[in-house]
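Please examine the sequence and the three-dimensional structure shown here before reading the report.

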Amino acid sequence: DAVDQQAEFDALVAAEGRIEPRDWMPDAYRATLVRQIAQHAHSEIIGMQPEANWITRAPSLRRKAILLAKVQDEAGHGLYLYGAAETLGVNRDDLLDKLHAGRQRYSSIFNYPTLTWADVGAIGWLVDGAAITNQVPLCRCSYGPYARAMVRVCKEESFHQRQGYELLLALSRGTEAQHAMAQDAVDRWWWPSLMMFGPPDDESAHSAQSMAWRIKRHSNDELRQRFVDICVPQAESLGLTLPDPDIAWNEERGCYDFGPIDWSEFQRVLRGDGPCNEQRLEQRRAAHENGAWVREAAAAYAAKHSGAGTT
Ligand code: FAQ
């Protein structure tokens, strides 16, 4: 009965077991996973836009090939994640409708513009770097399909992070103007990257329950701190500075202190008032409409080859 099912679920989670699609699970656990996985999937496909903006203007054939591959990887991540969400009994078309209607979120970070080529480097280094910091623990998430999707996603994100770092290093060591362009990109992307980890722990509505369910393994602030600690020495190696005068090693805590985050900016972006919110959603809706014939053709082809559609 229900009590036994709940007890079995709790015991499996406590024993670091994996919950699989056919297992019983509490309704709220399912809803939380759908919320997080859908938001994650939407972020991957909306996240294609800022960098895709530079594909036609990449400075060399080599850079263009790398960037094309990276943006295609993000589409692939979106597909694995929509697939993982569907194992929870929801429908991909419904999730996309909700994204397009503004009823489901995507990451705040993708509402910022890519003004120069150096932004492609800053996104790889900082945005993919933050994504890896957040997603490596998700490989141990209690929901099997999400955890398994994260393994491959993290491997690809590592490649993305390195290409961003290498791109920024080339600019940093280049001409004075190239160095300044790299520094400007880091100045603009640093604070929004810290916001990717979500609100501070005492304002994070879902953290406590998600951690009890072992969906999240660390709090938002813990992961944000880990990210700062990784970035400070990397910025030094890059010959670039982080735009925060309060960054200083704290011997007692064994990690870097950093300055206050402007949470009013984060709230503004979440409300839809970021620099590019409107443009991102508009482009997404247009891409969906323009792609309708491809979905129809793919469905017709699949039906024909399964025999179902032949009369
Ligand atoms: N943006 O209670 P919490 C990528 C919302 S990486 C927008 O702390 P939770 C790779 C949150 O939904 C980016 N909304 O929530 C890539 C909630 O609102 P709700 C995607 C945010 O879920 C790189 C409210 O605030 N990664 O795409 C944000 O426990 C380059 C309260 O927050 C993931 O999605 C935000 N930054 O913790 C692609 C990772 N933060 O739903 C292309 C998986 C919070 O009540 C190019 N997700 N909110 O209306 C997670 O780990 C979690 O969902 C957190 C938020 C940590 C993001």
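The report below describes the ligand site and the packing of helices.

## Basis of the model

The model is predicted: local features need pLDDT of at least 70, side-chain atom pairs count only at pLDDT 80 or more, and totals for chains, interfaces and linings use all residues. Residues are numbered from 1 along each chain as its sequence is written, and side-chain values use heavy atoms, with hydrogens and water left out.

## Residues around the ligand

## Polar contacts and cover

An oxygen atom of the ligand lies 3.1 Å from a polar side-chain atom of Arg35. For Asn220, a side-chain N or O atom is 2.8 Å from a ligand oxygen atom. Met195 instead uses a backbone N or O atom, which lies 3.4 Å from a nitrogen atom of the ligand.

On its own the ligand has 1,100 Å² of accessible area, and the protein covers 91% of it (areas come from the Shrake-Rupley method with a 1.4 Å probe). Helices here are DSSP runs of H or I with at least four residues, numbered from the N terminus.

## Packing of the helices

H2 and H7 pack at about 25°, with their axes 13 Å apart (axes are lines fitted to C-alpha atoms over the stretch in contact, and angles run from 0 to 180 degrees between N-to-C directions). These two helices are therefore roughly parallel, a term for angles under 35 degrees. H2 passes H7 in a left-handed crossing, in which the near helix is turned anticlockwise from the far one by less than a right angle.

H6 packs with helix H8 (residues 176-195) at an angle of about 30°, and their axes are 8 Å apart. H6 and H8 are therefore roughly parallel to each other. Their crossing is right-handed, with the near helix turned clockwise.

How values were computed
A polar contact is a pair of N or O atoms within 3.5 Å; within protein, one must be able to donate a hydrogen and the other to accept it, and residues adjacent in sequence count only if both atoms are side-chain atoms. Angles under 35 degrees count as roughly parallel, over 145 as roughly antiparallel, 65 to 115 as roughly perpendicular and the rest as oblique.
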